[in-house]
Amino acid sequence: MFDVSPTPPGSYVRGPCSDFPGPMGSGFPGPMGSGFPGPMGSGFQGPMGSGFPRPMGSAGPMGSIDPMIVSFGGAPGSMRPPTGLGGPMGSSMGPFTFGQRSGDSSQAPGMPGRQKLIPQPVLDSAPEDGPVSIAVDVQPRLVAIRPKRPCPDTKQYLHRWESGAMENRMLPRHITDICGWVQASIEADGHSELNANDKELMNVKHNEDRVVYMATSGWALQMWRSKADFDRGISPQLRGSQPRPLAWWDMRRAFDVVVDVGNINLDDFPHRLTINMTAGNVYFRIEYPEDVATWYYAIRRIIHDASKQRIDARDTPHHQEKRWPAAVGLARAISHGQPIGSRAMAITFHAYDIDYDCCIQVGEIMVLITELQAAKLFLEGRAEAKTREAAIYSVRSRITEEDIFEAAMHFRYTADPDGNGKVCKDEFIRCGQEAICECFELSSTSLCDGAERDYYDDPVQMSAEQQGSCAMM
């Protein structure tokens with residue numbers, strides 16, 4: 001019989017497993033032997049040896065009670081079991097950092113340890129990193145994806161509609177697109193020498209009478225060899241193989257159009273139409289009188305649209321704020337019958353030189369006339385003209401843009417003696433006061449009623465009187 005009475009803790013009692021080899025033998029080698037080497041030996045090296053750093057730390061089944069490197073037992077051969085172990089044979093303490101003693105901040109070489117982190121606001125305001133960006137709190141967002149420039153009408157561009165809308169906004173009115181047979185000549189006869197020169201210099205082969213098919217398309221004036229070439233050229237089914245025009249011109253450079261009448265009985269094309277451009281003139285002759293008005297007004301509308309678009313693209317609220325006091329001062333002086341000094345005219349010139357090219361063109365003159373009329377309403381104390389914006393809206397409801405354009409063209413004829421399409425500073429100071437006084441009396445009925453309406457219906461008479469003479473050829 002074996003004695004199974006309880007014994008005090010730590011005492012040595014002989015039992016069936018004492019002093020004999022076995023899995024749990026206390027004094028002899030075995031897997032769990034206390035004093036001899038083994039897989040779980042306490043005093044010697046091994047996978048879980050207690051005298052050297054352990055890969056499992058204090059949280060494992062054989063961890064120490066103190067976060068320092070300790071030995072599981074006493075000297076080799078000791079029969080005292082390991083003390084202070086939690087669980088089956090481990091401690092009740094939590095994990096610890098290898099190589100670090102309790103209460104010591106030292107760190108073993110090559111072993112990670114605790115670090116005191118710098119607060120994030122301090123890191124954000126480090127002077128060596130530079131100033132904090134203003135976009136630090138801005139959340140990224142996608143507004144839209146669209147092409148920055150007009151792109152070809154091909155399938156590789158997914159947003160072609162955006163470019164098409166942009167191109168339509170930049171084009172003149174569709175009523176300006178006209179076409180018809182004309183004669184590409186300055187004089188009514190003597191074409192043989194001109195044909196030879198054009199063929200030699202420009203490789204343009206005209207027929208004997210120099211009859212071509214002329215068309216306006218957007219801002220371009222195109223000259224085609226025949227109507228068949230024109231129809232094939234604008235056909236989308238023949239893209240890549242259609243013919244090209246003989247020549248074309250950029251109509252945004254045009255500033256005036258003049259009609260001259262030759263011998264109606266002798267000339268096949270008696271009406272000569274001259275387009276004045278910044279780099280020269282374009283001439284062609286028209287056969288029928290009813291076609292003259294069509295070409296004349298179409299080209300003038302192109303000039304009107306180009307002048308307005310050129311200024312709208314450059315005018316800003318800053319320009320408007322600077323111009324308004326000048327317009328009010330001019331209107332007050334004219335309404336009181338006072339003369340305008342050269343210094344005031346110079347200030348007005350620079351205020352309305354919107355594109356800063358040291359000259360005033362038709363678009364800028366249109367802005368000057370509009371703001372003069374708005375200042376006139378402002379000085380009269382009208383309720384609808386308390387501010388500049390309200391006064392401008394009131395003027396646009398009283399006077400049409402076509403009337404303002406015609407008044408601007410008349411202003412240019414008066415203040416541009418050399419006829420180059422630009423009013424320089426000297427010309428504006430010398431001749432501008434008379435032109436400003438004429439535009440100041442502009443009203444909604446000045447260009448639309450009575451005999452003057454017939455005057456604007458006849459382009460030949462209108463062109464002759466504006467230019468001061470009518471050339472008979």
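Exposed here means over 50% relative accessible area, and buried means under 20%. With that in hand, helix 9 of this predicted model has exposed residues Tyr393, Arg396 and Ser397 on the face turned away from its buried side.

**Helix 9**
- The buried residues of helix 9, which spans residues 388–398, are Arg388, Ala391, Ile392, Ser394 and Val395.
- They sit on the same side of helix 9 because they cover an arc of only 160 degrees around the axis.
- Helix 6 (317–335) and helix 8 (362–379) are among what covers the buried residues of helix 9.

**Helices 10 and 11**
- Helix 10 (residues 401–415) and helix 11 (residues 425–440) have axes that come within 8 Å and cross at roughly 145 degrees.
- That crossing is right-handed.
- On the helix 10 side, the contact is made by Ala407, His410, Phe411, Thr414 and Ala415, while helix 11 brings in residues including Phe428, Cys431, Gly432 and Ile436.
- Sorted by type, the residues of this contact are eight nonpolar, three polar and three charged.

**Cysteines**
- The disulfide count is zero, going by sulfur pairs within 2.5 Å.
- Cys358 is in no disulfide, and its nearest cysteine sulfur, that of Cys359, is 7.5 Å away.
- That 7.5 Å is too far for a bond.
- Cys358 counts as exposed at 57% relative accessibility, whereas Cys359 is buried, with a relative accessible area of 6%.

Conventions. Residues numbered from 1 in each chain as written. Predicted model: local features only at pLDDT ≥ 70, side-chain atom pairs only at ≥ 80, totals over all residues. Heavy atoms only, no water. Axes fitted to C-alpha atoms, helices over the stretch in contact; angles between N-to-C directions. Helix = DSSP H or I, 4+ residues; strand = E, 2+ residues; numbered from the N terminus. Left-handed = near helix turned anticlockwise from the far one by under 90°. Contact = heavy atoms within 4.5 Å. Nonpolar A, V, L, I, M, F, W, Y, C, P; charged D, E, K, R; others polar. Buried < 20%, exposed > 50% of the residue type's maximum accessible area, 1.4 Å probe, protein only. Arc of directions from axis to C-beta.
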